Amino acid sequence: MAAPGENLKINGERLWDSLMEMAKIGPGVAGGNNRQTVTDEDGEGRELFQSWCEAAGMSMGLDTMGNMFARREGTDPDALPVYVGSHLDTQPTGGKYDGVLGVLAGLELIRTLNDLDIKTKHPIVVTNWTNEEGTRFAPAMLASGVFAGIHEEDWAYDREDAEGLKFGDELKRIGWRGEEPVGQRKMHAFFELHIEQGPILEAEGKDIGVVTHGQGLSWTQVTITGKDAHTGSTPMPMRRNAGLGMARVLEKVEEIALSHAPDAVGAAGHIDIYPNSRNVIPGKAVFTVDFRSPNLDVINDMVARMKAAATEICDEMGLGVEFEVAGGFDPVTFDENCVTAVRNAAERLGYSHRNLISGAGHDACWINRVAPTAMVMCPCVDGLSHNEAEEISKDWATAGADVLMHAVVETAGIVE
């Protein structure tokens, strides 16, 4: 396909205005957003997105998982579409850009093509994937996972939130459960723009991250059992302190992850101590160890070493220990041709760039299993995300959307 000219640029002001307009829906308490999946606020955001897509001349498709597909026709009715998009749902204390930038940049590239009367051979479809965040209904990337055949739809419908409400019922309640069978669409390629959610691009002064891989992830729930006892009257040598056992295991987690620097990471973010009383030695500790790496062998090594270390520590301390797989997915290698299209776009437009490995999961990680896929990333201030203080600049958003458009349009083929 012929490459678009370097003067082909999106309207950065219009993109920014769209981001700010969407951010008015489901406002957070501290400047961000609370637009959790299949809430009324999610429904309102979807309506706004649909109205913008229809105004840009696109037709809207909706599947049974609520995935939205806004289509701009190509000149070849038999050509498979190039898909582009991300998600509109947010964390409970989410920012204005995580996910939303990727959807609205897709819309903006369509608006720009319309402005310039540029036609493409392949249709272009802008997508909003349902429940990427997974904060209300676990797991994350739920609907793209069903689309890609990772999860069964009935299983997804039965996911419950903290109130006991089911995902399928809530999707139907807000009026966004479509009739189109999920997963039947075939793609020529898929591109996703996202904020980095990490500090590398900003720290190095790079405009663009060319995402070559996605980290794999392993969650192991560890349960350590000791004996509840009074903190004031139990002699130190006679204690079976599950909290202390957990602390020693977590030191090993840190050591193990550092042994695979720089790309591997490890920590425990979910921790419960029982009975969690000020004057009771913990009799049980339950925590989830999160190991990530772009190399599956490294992940397996870290998990095996953690289990061995935890078993040895607990044996020495007279504690019991059990392990349970709590989730995970294998590392992702994005499509070489799509990645090259992103890199070429950055170079053509004169944006500084570097290769990146995504440390977070994204819809693109699942879609990569069923279609050639790549991601574009732009910096975010201090690498902060999943926080209402999440921030990017208008220039960063514009550069990311420019690169996205060039990669998509080159892949879709300009018709002279």
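This is a predicted model: local features need pLDDT of at least 70, side-chain atom pairs count only at pLDDT 80 or more; totals for chains, interfaces and linings use all residues.
I'll start with the cysteines, then move on to the rings.

So, how many disulfides are there? The count comes to zero. Let me take two of the cysteines and go through the distances. For a disulfide we want two cysteine sulfurs within 2.5 Å. Take cysteine 338: the closest cysteine sulfur belongs to cysteine 365, and that is 14 Å away, so a bond is ruled out because the gap is too far. Cysteine 338 is also buried, at a relative accessible area of 5%. Then there's cysteine 378. Its closest cysteine sulfur sits in cysteine 380, at 7.3 Å, and that's again too far for a bond. Buried or exposed, cysteine 378? Buried, with 0% relative accessibility.

The structure has eight aromatic pairs, and I'll show you two of them.

Tryptophan 16 and tyrosine 97 are a stacked pair, with 5.6 Å between the ring centres and 25° between the planes. Where do these two come from? Tryptophan 16 is in helix α1, residues 12–22, while tyrosine 97 is in the loop between β3 (82–86) and α3 (100–115), so this pair ties together parts that lie 81 residues apart in sequence. Both tryptophan 16 and tyrosine 97 are buried.

Now the other pair, phenylalanine 69 with tryptophan 129. This one is edge-to-face: 5.8 Å centre to centre, planes at 85°. Phenylalanine 69 belongs to strand β2, residues 68–72, and tryptophan 129 to the loop between β5 (124–128) and α4 (142–147), so here the parts tied together are 60 residues apart in sequence. Phenylalanine 69 is buried, at 1% relative accessibility, and tryptophan 129 is buried at 1% as well.

Tyrosine 274 has a lysine instead, with lysine 284 over the ring face at 4.8 Å from the centre.

Definitions and conventions: Residues are numbered from 1 along each chain as its sequence is written. Side-chain values use heavy atoms; hydrogens and water are left out. Buried means under 20% relative accessible area, exposed over 50%, partly exposed in between (1.4 Å probe, protein chains only). Rings of Phe, Tyr and Trp (its six-membered ring) pair if their centres lie within 6.5 Å; planes under 30 degrees apart count as stacked, over 60 as edge-to-face and the rest as tilted. Helices (H or I, at least four residues) and strands (E, at least two) are DSSP runs, numbered from the N terminus. A charge sits over a ring if NZ of Lys or CZ of Arg is within 6 Å of the ring centre and within 35 degrees of the ring normal.
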